[in-house]
Each structure stands twice: as C-alpha cells, then as structure tokens.
Amino acid sequence: MSTVALGTGPAGARDPLSRVFAALADPTRRAILTRLRRGPATVAEIGQPFDMTGPAVSKHLRVLERAGLVTRGRVAQSRPATLQAEPMKHVAEWAEEFREFWEQRYDRLDDYLRTMPDDPEDYT
C-alpha cells in the first residue's frame, strides 16, 4: 500500500495509511481496539474502563470507523462495534520496510565490531 501526498485532494482527505496512523495516535483508541480483539462490544461495554461519556466513546469509534479499523452493526437497539484488522496489516507491511533497513544497519555494526580487538588495552 503506498501513500499519497497529503493536501492533494478535498479538504481533510487522507490516504488510508494516514487515517490508520491518525486513529492509532490516541491511546484510548488503541485501548478500544485491544478490547475489541475479544469480540464485538457496545458503546457502554467499551466505555466501562474509561472515565468518559457514551458520546465520547462514540466519537472515538467514528474515528476508528473512518480508518477502517472498526465496523458498527445493529442488534436490536444497540450498535456493537467489531474490530476490522485488515488496515493493521497495511501498517505492518509499511513498518516491515524499516525493519529491513535497521537489520542492514545492525549487520554493518556487527561487521565493524568483529574488526575490533578483544582486549580493551589494544584501544590505546
């Protein structure tokens, strides 16, 4: 998944990866996603461990929905939220490129360290 330069579309439009990162930037939203790993939950269930109102939880859920991380269904009069993990796969793929970069750096450091003497007195 590639990114698109911000500000090239309608006001406030962002590429999917940017929306996911923006949603993940908030610790409460990350905690909500962690809770949803156990299964669907209502606003009241999600809000229990937090000191926030139902509308505040709903606002967080809307951000997560826009990022594609959550879907909301309808069961009777409740609208349980369900985790959608696919966008996290794209984040992992993006981060993987940097893991490879750092592994190459560490390999070069290992090569350098192998050239150094074992005896600290040899450094003088």
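Q: Is Phe 101 buried, partly exposed or exposed?
A: This is a predicted model, where local features need pLDDT of at least 70 and side-chain atom pairs count only at pLDDT 80 or more, while totals for chains, interfaces and linings use all residues. Residues are numbered from 1 along each chain as its sequence is written, and side-chain values use heavy atoms, leaving out hydrogens and water. Buried means under 20% relative accessible area, exposed over 50% and partly exposed in between (1.4 Å probe, protein chains only). Phe 101 has 34% relative accessibility, so the class is partly exposed.

Q: How many aromatic pairs does a search of the whole structure find?
A: Rings of Phe, Tyr and Trp (its six-membered ring) pair if their centres lie within 6.5 Å; planes under 30 degrees apart are stacked, over 60 edge-to-face and the rest tilted. Searching the whole structure this way, the number of aromatic pairs is three.

Q: What kind of pair do Phe 21 and Trp 94 form?
A: The ring centres of Phe 21 and Trp 94 are 5.2 Å apart with planes at 70 degrees, so the pair is edge-to-face.

Q: At what angle do the ring planes of Phe 101 and Trp 102 lie?
A: Trp 102 is partly exposed at 44% relative accessible area. The centres of the Phe 101 and Trp 102 rings are 5.2 Å apart, and the pair is edge-to-face because the planes lie at 80 degrees.
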